[in-house]
Amino acid sequence: MSDEFRSIEEARDGLGAAGYLADESTALVSFLAARLGKPVLVEGPAGVGKTELAKAISRSTGRRLIRLQCYEGLDEAKALYEWNYRKQLLRIQIEAADAGWQEVRDDIFGQEFLLPRPLLTAISTPEPVVLLIDEIDKTDQEFEAMLLEVLSDFQISIPELGVVEASTRPLVLLTSNNSRELTEALKRRCLYLWLDYPDVQRELEIVRLHAPELDAEMARKLVEMVHMVRALDLKKPPSIAESIDWARALLLLGADDVDADVLKKTMSIIVKHRTDLDLVAERVGVKLGDGVLGAQRAG
Ligand SMILES: Nc1ncnc2c1ncn2[C@@H]1O[C@H](COP(=O)(O)OP(=O)(O)O)[C@@H](O)[C@H]1O
Ligand SMILES: [Mg+2]
């Protein structure tokens with residue numbers, strides 16, 4: 001096994017140096033993943049740092065990141081490998097005149113005509129990599145079963161070429177926004193990490209990391225406001241990504257406070273549904289009039 005992340009502290013510090021503020025369970029799971037060589041399934045709402053965790057692990061271990069972005073209808077040809085039909089056709093045309101079929105066949109199903117996709121690339125790359133299988137919940141169960149096979153043997157069989165085996169085990173992260181329940185079989189194979197919205201303190205640290213020029217007091221008000229908005233029953237609550245965007249926007253706009261007026265003008269940066277906008281304007285707007293933010297900080 002590698003010498004990456006020799007302790008939980010080392011994992012946390014390594015991720016921190018790579019710009020990712022990991023909480024206790026994130027540091028623990030990252031450490032275990034590196035030591036045990038087991039894939040990690042990271043679940044949680046959108047925008048809480050699932051994808052970024054894989055990127056940060058890649059940065060801090062120096063492993064190259066290979067990403068498979070999942071979508072509805074993703075198939076093996078786009079995930080594993082496919083044959084370069086056009087190139088094969090060209091070769092057939094050139095060879096056809098004076099070669100037998102067997103000869104042509106052996107030729108057009110060689111390495112030269114293979115198009116490796118992320119899973120094959122991750123397995124066949126000789127140096128250690130981080131494999132990010134992003135938003136696995138968007139694929140179907142059939143795809144999940146195929147993935148399970150790859151993740152249990154770390155090998156891919158190509159009928160025309162033979163079996164490709166991983167020489168170094170990739171560090172695998174799968175993410176899911178929970179749009180469908182994943183199979184028990186997949187969960188069994190993986191370490192599990194649930195990422196949720198952080199508490200005010202951690203989110204404040206994250207926002208300050210991404211927008212260091214923002215005044216500390218303003219950053220705190222902004223994060224408190226986001227937490228207040230998140231507590232409403234919204235269609236799509238603002239995530240860390242929105243907090244960061246908001247902080248950067250306020251910097252650009254030269255705002256010097258986070259008050260009812262600023263909220264009214266810039267609300268659409270953190271809330272992106274018509275009905276949610278109305279709700280926030282009504283509830284938070286009123287609260288701000290009563291000076292709730294200041295009271296919260298005092299208490
Ligand atoms: N713990 C963290 N430390 C630093 N930045 C974070 C952290 N969590 C989230 N972020 C930032 O929040 C944003 C959204 O994260 P992302 O990984 O895209 O979310 P997800 O994949 O869960 O939808 C990114 O800009 C990321 O850098
Ligand atoms: Mg993501």
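This is a predicted model: local features need pLDDT of at least 70, side-chain atom pairs count only at pLDDT 80 or more; totals for chains, interfaces and linings use all residues.
I began with helix α10, where Glu203, Leu204, Ile206 and Val207 are buried. "Buried" here means under 20% relative accessible area, with exposed over 50% and partly exposed in between (1.4 Å probe, protein chains only). Looking down the axis of α10, I found its buried residues within an arc of 165°, so they line one face of the helix. The arc is taken from the directions that run from the helix axis to the C-beta atoms.

Residues are numbered from 1 along each chain as its sequence is written, chains are lettered from A and ligands numbered from 1 in the order in which they are written, and side-chain values use heavy atoms, leaving out hydrogens and water.

Helix names come from DSSP runs numbered from the N terminus (helices are H or I, at least four residues; strands are E, at least two).

**What covers α10?**

I looked up the cover over the buried residues of α10, and it includes α11 (216–230) and α12. Contact means heavy atoms within 4.5 Å. Two packed helices are described by the angle between their axes and the distance between the axes, so I noted both for each pair.

**α10 with α12**

Helix α10 (residues 200–210) packs against helix α12 (residues 240–253) at about 50°, with the axes 9 Å apart. That makes α10 oblique to α12. Axes are lines fitted to C-alpha atoms, for helices over the stretch in contact, and angles run from 0 to 180 degrees between N-to-C directions. Under 35 degrees is roughly parallel, over 145 roughly antiparallel, 65 to 115 roughly perpendicular, and the rest oblique. On the α10 side I listed Glu203, Ile206, Val207 and His210, and on the α12 side Ile240, Ser243, Ile244, Ala247 and Arg248. By class, that contact has 5 nonpolar, 2 polar and 2 charged residues. Nonpolar covers Ala, Val, Leu, Ile, Met, Phe, Trp, Tyr, Cys and Pro; charged covers Asp, Glu, Lys and Arg; the others, Gly among them, are polar.

**α10 with α11**

The axes of α10 and α11 cross at roughly 125° and come within 9 Å. That makes α10 oblique to α11, and this crossing is right-handed. Residues of α10 in the contact include Val200, Gln201 and Arg208, and those of α11 include Ala216, Val223 and Arg230. I got 7 nonpolar, 2 polar and 5 charged residues here.

Most residues other than glycine have a negative phi. Glu135, though, has a positive phi near 60°; Glu135 sits in the loop between β5 (129–134) and α8 (141–153) and is buried at 18%. Phe154 has a positive phi near 50°, lies in the loop between α8 and β6 (155–158), and is buried at 5% relative accessibility.

**Two stops in α14**

Val284 is in helix α14 and is buried, at 2% relative accessible area. Leaving out residues up to four places away in sequence, Val284 touches Met225, Met228, Val229, Leu232, Leu263 and Leu279. Leu288 also lies in α14 (residues 274–289), and Leu288 is buried at 14%.

Note on methods: A crossing is left-handed if the near helix is turned anticlockwise from the far one by less than a right angle, and right-handed if clockwise.
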